[in-house]
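Please look over the sequence and the structure shown here before reading the notes below. They are arranged by topic, so that each can be checked against the coordinates in turn.

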Amino acid sequence: MLKYEITGGVRLKGKVRISGAKNAVLPILAATVLTQGKNIIRDVPHLKDVEVMIEVLKHLGAKVTFTGTVLEVDTTGLSVYEVPDDLMRKMRATVFLMGPLLGRFGKVRISQPGGCSIGPRPINFHIKGLKSLNTEFQEGHGYLLGESKSLVGNEIHLDFPSVGATENLMMGAVKAKGTTIIRNCAREPEIVDLQNFLNGIGARIRGAGTDMIKIDGVEKLQTIDYTVIPDRIETGTFMLATALTNGDVIIENTIPEHVEPLIAKLKEAGVEVGCNDDQIHVKGNGRLKALEVKTLPYPGYPTDLQPQIMTAMSVAEGTSIITETIFENRLKHAEELLRMGAAIRIEGHSAIINGMSKLYGAIVEASDLRAGAALVLAGLIAEGKTVIHGGEHIERGYEKIDEKIARLGGQINRIVE
Ligand code: UD1
């Protein structure tokens with residue numbers, strides 16, 4: 001068990017370097033399955049989710065070494081097309097292996113992914129899309145077996161621009177015969193990164209970053225040396241931490257364009273934000289002003305930064321409204337913020353937040369990764385000590401968050417029980 005103890009009240013100051021993007025590296029690691037040989041992936045963050053993906057790759061027969069932030073994945077000896085149940089349960093993103101395993105072996109067996117704390121997360125779009133690429137699926141007790149004699153390109157229209165389905169289908173289509181077109185696809189920066197990776201190994205893909213991706217199937221692929229993009233959600237979390245502690249921080253190794261929706265909101269709330277190449281300078285300007293925020297697929301405001309901005313709005317001047325449109329059940333962190341003195345009312349998919357002058361330290365529980373981040377931010381501004389249980393969730397997606405915050409002056413302790 002892991003917990004964080006935070007004593008609030010410090011203005012964060014200094015410089016922080018952002019790690020490689022969790023949500024970019026996970027599909028990229030899955031995509032190495034399409035290659036046969038040694039790949040080098042750089043700027044890989046040390047995260048629980050990355051560890052799980054490495055475990056899965058090893059189970060499939062890959063040789064993996066992790067030195068510093070460089071991951072070497074040798075896929076020469078891959079021989080298994082099944083993702084075991086215990087690893088699937090640890091991380092839903094193992095579902096990304098369906099497309100690559102079908103591309104490599106024409107077969108994939110996974111267990112049915114269950115729900116998670118932010119609501120049911122079905123994979124119907126993944127399955128429907130892979131079926132239209134000529135895969136047949138059989139459902140057994142708790143597992144799913146996909147088989148394709150030969151993947152064949154097709155036109156796919158997604159019912160919703162799902163990030164994971166777009167990525168899975170891109171990977172499934174790389175070696176399919178003919179051309180695949182994915183319409184109404186997700187436009188997230190991680191999709192562009194995956195396209196760059198796949199084209200680097202010899203795929204022929206265009207359109208990532210728009211709502212239509214076109215993939216011309218190829219037969220042969222090669223290995224690659226690739227550096228992943230910086231994590232825009234970690235970037236945003238540090239931007240919000242700075243803004244709400246009224247701090248002054250230069251955030252390094254970022255792509256400012258990827259956090260444009262947050263920059264716009266912070267400016268609206270009165271925060272000073274300046275960008276210079278790969279740096280973002282955030283400077284608090286007194287109390288934040290209330291905001292209206294609605295989560296949307298990229299380039300809208302990201303759902304993965306919704307809990308953190310809820311913390312910020314808990315102490316803003318005025319009444320804020322935050323509406324979650326991507327996930328069914330992603331407002332649970334409000335309950336924990338209430339324990340810390342926030343005034344939040346949930347109505348349907350919206351949270352109505354009356355900004356208070358302060359929050360107070362309390363014992364709280366991180367129910368998922370981003371909710372955990374929101375509580376860390378709350379701890380940083382609360383009067384007194386906050387204890388956050390469920391720290392394991394936070395470490396699924398934030399590399400050394402305690403050390404990074406401590407270097408900016410924050411008082412935070414990581415305690416393994
Ligand atoms: C990815 C991110 C996650 C982020 C989310 C939305 C990774 C590893 N995770 O998750 O951090 O919060 O995008 O930006 O990249 N849906 C279906 N059927 C499907 C697939 C999705 O109904 O087959 C629904 C989901 O339940 C959800 C919505 O579509 O309500 C969006 O999900 P999706 O974009 O697929 O998110 P993930 O890829 O799981």
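The model is a predicted one, and every value below is computed from it. A search of the whole structure finds 26 salt bridges, whereas the number of disulfides is zero. Among the sheets are an open one of four strands in the order 4-5-3-13 and an open one of four strands in the order 9-10-12-11.

**Salt bridges**

- Side chains of opposite charge can pair when their charged atoms come close.
- Asp49 and Lys22 meet through their side chains in a salt bridge, with an N to O distance of 3.6 Å. This pair links distant parts of the chain, since Asp49 belongs to helix 2 (residues 48–60) and Lys22 to helix 1 (residues 22–31), 27 residues apart. Both partners, Asp49 and Lys22, are buried.
- In the salt bridge between Glu268 and Lys265, the closest N and O atoms are 3.3 Å apart. Both residues lie in helix 9 (residues 260–268), where a spacing of three residues amounts to about one turn of the helix. Glu268 is partly exposed, with a relative accessibility of 46%, whereas Lys265 has a relative accessible area of 17% and is therefore buried, the limit being under 20%.
- Glu403 and Arg407 form a salt bridge in which the closest N and O atoms are 3.8 Å apart. Because Glu403 and Arg407 are four residues apart in helix 14 (residues 401–407), about one helical turn separates them. Glu403 is partly exposed at 39% relative accessibility, while Arg407, with a relative accessible area of 59%, counts as exposed because the limit is over 50%.
- A network of salt bridges links Lys3, Glu5, Lys385 and Glu417.

**Cysteines**

- A disulfide is a covalent bond between the sulfur atoms of two cysteines, and the structure holds zero of them.
- Cys185 is buried, with a relative accessibility of 2%, whereas Cys275 is partly exposed, with a relative accessible area of 44%.

**The sheet with strand order 4-5-3-13**

- The four strands of this open sheet have mixed pairing. Strand 4 (63–67) and strand 13 (225–227) are the edge strands, and each has a single partner strand, so one side of each is left without a neighbour in the sheet. On average, neighbouring strands of this sheet are turned by 15° against each other, direction ignored.
- Strand 4 pairs with strand 5 (residues 70–74) in the antiparallel sense over five bridges, and Val70 in strand 5 is the bridge partner of Thr67.
- Helix 2 packs on the sheet and touches strand 4 and strand 5, its direction making about 150° with that of strand 4.
- Helix 1 lies across strand 3 (38–42), strand 5 and strand 13, and runs at about 180° to strand 3.

**The sheet with strand order 9-10-12-11**

- This open sheet of four strands also has mixed pairing. Its edges are strand 9 (155–157) and strand 11 (204–206), each of which has a single partner strand, so one side of each is left without a neighbour in the sheet. Neighbouring strands here are turned by 15° against each other on average, direction ignored.
- Strand 11 and strand 12 (residues 212–216) run antiparallel and are joined by three bridges, and Ile215 in strand 12 is the bridge partner of Ile205.

- Helix 6 (residues 163–173) is largely enclosed by the rest of the structure, because 10 of its 11 residues are buried. Among these buried residues are Glu167, Asn168, Leu169 and Met170.
- At the start of helix 6, a side-chain oxygen of Ser162 comes to within 3.0 Å of the backbone nitrogen of Ala165.
- Val218 is located in the loop between strand 12 and strand 13, and its relative accessibility of 13% places Val218 among the buried residues.
- The C-alpha atoms of Val218 and Ala173 are separated by 9.1 Å, although the two residues are 45 residues apart along the chain.
- When neighbours within four places in sequence are left aside, Val218 is in contact with Val174, Lys175, Ala176, Gly202, Ala203 and Arg204.

Technical notes:
Residues numbered from 1 in each chain as written. Predicted model: local features only at pLDDT ≥ 70, side-chain atom pairs only at ≥ 80, totals over all residues. Heavy atoms only, no water. Salt bridge = Lys/Arg side-chain N within 4 Å of Asp/Glu carboxyl O. Helix = DSSP H or I, 4+ residues; strand = E, 2+ residues; numbered from the N terminus. Buried < 20%, exposed > 50% of the residue type's maximum accessible area, 1.4 Å probe, protein only. Disulfide = S-S within 2.5 Å. Pairing = 2+ DSSP bridges. Axes fitted to C-alpha atoms, helices over the stretch in contact; angles between N-to-C directions. Contact = heavy atoms within 4.5 Å. Polar contact = N/O pair within 3.5 Å; in protein donor to acceptor, adjacent residues only side chain to side chain.
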